[in-house]
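Reader: I would like to go through this one with you, a helix pair and a couple of residues at a time. Could you show me what we have?

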Amino acid sequence: MGLDNVAVQWPRTGRFYDPVAPAAFVDFAELADAPDVASPTAALAGHIAETGTVRATAYTELVDLLLGLKGVLYATEAANEDEDPVIDPDGCAWIAGGLEKFVIGHEKLGDLVTFDTVGEVLRTAIADSRLAEQQLRWLETRMDSLRDESGGAPQWAFPLSELAVLARFYRRCADRAFAVYADY
C-alpha cells in the first residue's frame, strides 16, 4: 500500500472526517489534460481532480528534507499524541509555502528535480541566513542520512511542474479550510 493524503472537511463532525468532494479540485483536470505537461504532472493533477487525494509516498523524503522535519505528510506529530493523523489547514499552508518557495528557488536550475538540485537550492537558501554554518552542517547531515549504505543518493527525478501541482493541492486545502488526512 502507501500513504495517501486525503482532503477532508475541517473540523471533523462526529467520529469520522468527511472527505472533500473531488469537485473542489476539478480545475486540476485542466492541467492534466494540457498537451505540453509532463506525464507525472498530468498523472498527479488527474488523480487529484478525480479523488481529492495525493498519493504521497513518493514525496515524503523530499518534503521532510525541504521542511526540516520527519513524517510531515504522515502527520506523525498528531499520531504521536494519540490523535488522528491529520494536517490542519494551517499545516497545509505551511507545507504549501515551503513547496512554493522551493519551486521558485529551483526554476533557475531547470525542470528536473533531483537529489543534487534539491541540495543546491537548499544550500543557496541557507547561505544568507543568520546561522548559515550551523544550518549547512545540519543539511549535510540530513542529506547524508538519505544516502544508501554505499553512499548513493536517492534516485529522485521529479518534474518541477509536478511539485508545483503538489504545492497547489496543499494551498487549495489551506485556502478553503480543508484538512488533510494521512491514510496509510
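Reader: At what angle do helix α2 and helix α8 pack?

Author: Happy to start there, with a predicted model in which local features need pLDDT of at least 70, side-chain atom pairs count only at pLDDT 80 or more, and totals for chains, interfaces and linings use all residues. Residues are numbered from 1 along each chain as its sequence is written, and side-chain values use heavy atoms, without hydrogens and water. Helix α2 covers residues 39–51 and helix α8 residues 160–175, with their axes 8 Å apart. The packing angle is about 20°, so α2 is roughly parallel to α8 (angles under 35 degrees count as such).

Reader: Which residues of α8 make the contact with α2?

Author: Contact here means heavy atoms within 4.5 Å. From α2 come Pro40, Thr41, Leu44, Ala45 and Ile48. The residues of this contact divide into seven nonpolar, two polar and one charged. On the α8 side they are Ser161, Glu162, Val165, Leu166 and Phe169.

Reader: Is His47 buried or exposed?

Author: His47 sits in helix α2. Leaving aside neighbours within four places in sequence, His47 touches Gly52, Thr53 and Arg55. Its relative accessibility is 18%, and the cut-offs are under 20% relative accessible area for buried and over 50% for exposed, with a 1.4 Å probe and protein chains only. Therefore His47 counts as buried.

Reader: How far apart in space are Asp175 and Ser145, C-alpha to C-alpha?

Author: Asp175 belongs to helix α8 and, at 58% relative accessibility, counts as exposed. In sequence, Asp175 and Ser145 are 30 residues apart. In space, their C-alpha to C-alpha separation is 34 Å.

Methods: Axes fitted to C-alpha atoms, helices over the stretch in contact; angles between N-to-C directions. Helix = DSSP H or I, 4+ residues; strand = E, 2+ residues; numbered from the N terminus. Parallel < 35°, antiparallel > 145°, perpendicular 65-115°, else oblique. Nonpolar A, V, L, I, M, F, W, Y, C, P; charged D, E, K, R; others polar.
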